[in-house]
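Let's take a walk through the side-chain contacts of this one. Have the sequence and the coordinates open, and we'll go from rings to charges.

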Amino acid sequence: MPSLSEQLQDVRSQAEVCLYSGGRVVELRAGVVAMANLPLPPCSKYRHIAAETMVIENSFGSNRKETLASLQRLSTALNILEKYGCNLTNPNRPKYWRTVKHNNPVFRATVDAIQGGRAVLCLYGYSNQQPDGLSFPDDVTDPDVGRVAAVTLEVMSLRMELEMLIKETHPHSEFYERIIPTLRHKRTALFVEYSVSQPTASLASRGSAQIVTDCITLTLRERTTIEQLTHHHRHHHLLKTGAVTGQDKEFCSFTWCCLHCTKVNSIHDVLCEECEQPRLESLSSKADDCQPATITEWQCKSCTVVNAANSVLCEVCERPRLATRPPVTPSHLPITPPRPPAPVLGMPGDPDSQWVCQFCTYLNYSPAMVCEMCDLARPEPAPLPVKLRPPSPVRRVPALPIKPKEHAPEDLDSWRQKLMKEEGLKLIQLIRDGEKKGVSPEEVYTSMRVAGDSNILPCKWLKMELPLLLDQIRVLVATSSLQSVSDNPLTEQTNNITQNLAKEAGKEVAPAETESEVQLSRAEAKQAWLTAGGDTERAARQALRDRLAKVKELCALGFSDEAHCHEVLRQSGGEVRGALALLQRPLLEPFHKRIWSEKPEPPVDIHHPDKQRICRRLLAVYDLPSWGRCELALSLLLEHSAPYSLEDVVQAVQESHDREFIKRVLAKECPICLSVFPHSKMQSLTSCQCSVCCGCFQQHFTIAVRDKHIRDMVCPVCWEPDINDPEHLNSYFSTLDIQLRECLEPEVYELFHKKLTEQALIKDPKFLWCCHCSYGFIYDGDQLKVTCFQCRNSFCAQCKKPWESQHAGLSCEQYQSWKRENDPEYQKQGLAGYLRDNGITCPNCRFQYALSKGGCMHFCCSQCRYQFCSGCNNPFHTTCAVDECTVSGLHAHHPRDCLFYLRDWEPSRLQALLQNNGVAFNTEPPPGTQTGLCGVIEQKDEGGQQPDSACGAQTQPGHAGLCEKHYREYLVSLINSHSIDPAPLYSSNELLLACRRYKVDDTRRDGEDTFTYYSRLLEKLMGEVPLGDKVPRKK
């Protein structure tokens, strides 16, 4: 069994780790509870904070109730200190964690109100004293989380012990009762100590039994409890007989009896073993009903929301926890319960049932314990001498007269408060009624003052009487015959005000003349009447003073005609802003006429002598960002031999303020015509960085649209982009369409759209090319025979051959077999006709060419300009999409069964490959075939043109009447038609080269012989690298 010190160290370590590492709240609370329940005194349990000193210095009071109240304040302060510590140990610390301000109301009311609060903050690290608070030293970047966690844990544990003391659930309260004597319960002695000299002596005869109690006086209930406890105690017979032995004395000293079930428990038990009730719960709970309980939740005094105990601010209104309730304005007149006509015993009129609030002096009535006006608790009344009164069912106080001659001071205060309350509620109701009708609270209040005791409602009075008062104020201000009224106090004061303000304006004006010029508007008179609180003469003086001050303000702005200033102020209702608008309107009339005129604005004359006028015009017309940019634009325009236009310079100056950069922007050279243009007159494509002038751009694309293919519409300088990629092609033409719409002529732009549409139709699976006239169209039928809409000739929709009557009812393969066997003309052509029928088909637009594939494998379709390999149909491109490709320039990636590689094999080797796979081939020409010269049609490059003509090369024996090149092409076409893999005939070098070409691992294993190595490589190559998926495989 570990000792208490070891248990404390274990619990402390686990809780500290859980605190600064962000552990679960349940685990942290369990550690704090375990630490608080350890049976150790405060001086031994707490290492960092002076817990025992803090408890002693902050506990005061002459009884247990006052002491518990002071401990409750200490617990609240420890709760705030706990929040400071948790904020420091949290990884996401608040923004202002380094300082603690003294002017914080929560800090002043809690931490700063106890002894030792700032010492705990110093333990956290707030050791730097500032004029307005505490802070961390400047050289400390982060708090010591370990130390802060240790101090915070002790603060949490001490607060937990204080809460248990207040709830009377502390298992070891004797440690605190030793240092705070007033914490001891005022309870009867349940442990009876008998001071007898002889154990067997009788209690009645000797009279030496003493009942030692902890309290000085006992209440009637406590005495009854003692008697019940004595009668039910199992040693009650000892008290009667007096036979109290030493063993019984020891037993009574170390046991206690439950007040609920009379079960005798050990002194170490906190709860009863039978009913599980706490020891002395009944006495303590009944004797201390008024003592404060531990605050687990608190209710906001502003919005009455119940908040958690650890919340400093309200969750709804965000007011501090200790803030008082704000004043409340009732939304409607409260319903006052009727009072009895005369004070009756126990009723509100009874003087004994009245009490005056010490805070707001409002008179309240019992049994209310909270003031009706300020919501503060009723103070405890001082103990009064007991005065026995005979019960009487009749009234013991005569009814008060309706109008008493003399009131007691308390009655006067009560009457005064009641009257103030009723008048205030009446005023609030009248103000709300006025707001519904558009009347301000000031008007309602002033009208009530002027109307006096009249029964007319304020809104009705304002409608009927106020216009007459306003006219009276206007007459008092405007009249010039006040001098004849010698007893009028307004005359002399008005004259003095007028003369003084006129002198300040620098002009001598006669009083009579000044007064005759002043004409007030009703709005001015009304404002002055409200300011004067309803006093007519005072309002007139105030209105005149305000009017002359406003005239002086307008004169200071340059309007010297005072009579006109008075007039515009009257028209604007005394508003200086409105009067200023009326005064400026005639001055702005020429400008308005010029703005709204239908005549065009004159151009900016850069040679005007007034340079500032030119800059102002540039700012107004072209919206330049600053005055300096205007001067920069003007200096560029005034340079000698400057070929710049005003619009070009303004556009360049809006983009930059660098003079040299602007000059470079304004002098761009076109790479085609070599002329100099500003950057705004240059055109560029999105696919490259080249820029050409607008004229060259328009001319280039006009020629490309009219005379060239759609794929020739690229940059005229760098011939980018490479538009073989369909995805790239679509994005390029979508952007180009926007540029060409603005620069091309309408008919040229329509032709461009037509070609673009044809380019899109080519990709349709139902699109067909006519083999007679090369016209393309969409065919939706299911018949093999198709008639061209252009030339009206027919062809096969599947094999694209001219239609013959023998094709009807036969498939394309059957028709080709019949033609080879029965058509003399076809038999005469021999294998040359076979190669023509198996010619080149464009993989992009499916246009067929009756050409051989020999020669250069790079083929460009004349219809769609798609570039591809005629042997495998893979595209040729300059920007390769294959990963880890190091080849630059125009190239294609060919599979191993492509003619690109097999055309280098000898015919005998190709024949051996066909023989190994059981495929027959021709070696002799068919009967009737022309011999000597090869007749295969191929495309030749002659003088920049590409005509189609016969091969004309010398035939070789055993090559079926073809030249060696076309005979190899014939054998390769058979290999491709039967999908034969040429890899089994690879030599060792060819096998290694193919593995490296197609990224096949050719590492040789340890101890592997040559035959096994090459066999494994061949199997791996054929398994990992398939044959070409685009290779033509017609049979």
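What follows looks at aromatic pairs, charges over rings and salt bridges, in that order.

A bit of housekeeping: this is a predicted model, so local features need pLDDT of at least 70 and side-chain atom pairs count only at pLDDT 80 or more, while totals for chains, interfaces and linings use all residues. Residues are numbered from 1 along each chain as its sequence is written, and side-chain values use heavy atoms, with hydrogens and water left out.

Start with the rings. Rings of Phe, Tyr and Trp (for Trp, the six-membered ring) pair if their centres lie within 6.5 Å; planes under 30 degrees apart are stacked, over 60 edge-to-face, and the rest tilted. There are 13 aromatic pairs in the structure. One of them joins Phe-777 and Phe-789, edge-to-face, with 5.0 Å centre to centre and 90° between the planes. Phe-777 sits in strand 17 (residues 776-778), while Phe-789 is in the loop between strand 18 (785-787) and strand 19 (794-796), twelve residues apart. Strands here are DSSP runs of E with at least two residues, and helices are runs of H or I with at least four, numbered from the N terminus.

Phe-777, at 6%, is buried, whereas Phe-789, at 53%, is exposed.

Elsewhere, ring pairs link Trp-97, Tyr-126 and Phe-136 into a cluster.

Now for the salt bridges (a side-chain nitrogen of Lys or Arg within 4 Å of a carboxyl oxygen of Asp or Glu). The count is 25. Take Glu-82 and Arg-159, which meet at 2.9 Å, N to O. Glu-82 belongs to helix 5 (residues 64-89) and Arg-159 to helix 8 (residues 145-167), so their bridge ties together parts 77 residues apart in sequence. Both Glu-82 and Arg-159 are buried, and together with Glu-163 they are linked in a network of salt bridges.

Lys-766 is partly exposed at 46%, and Asp-780 is exposed at 60%.

Definitions and conventions. Buried < 20%, exposed > 50% of the residue type's maximum accessible area, 1.4 Å probe, protein only.
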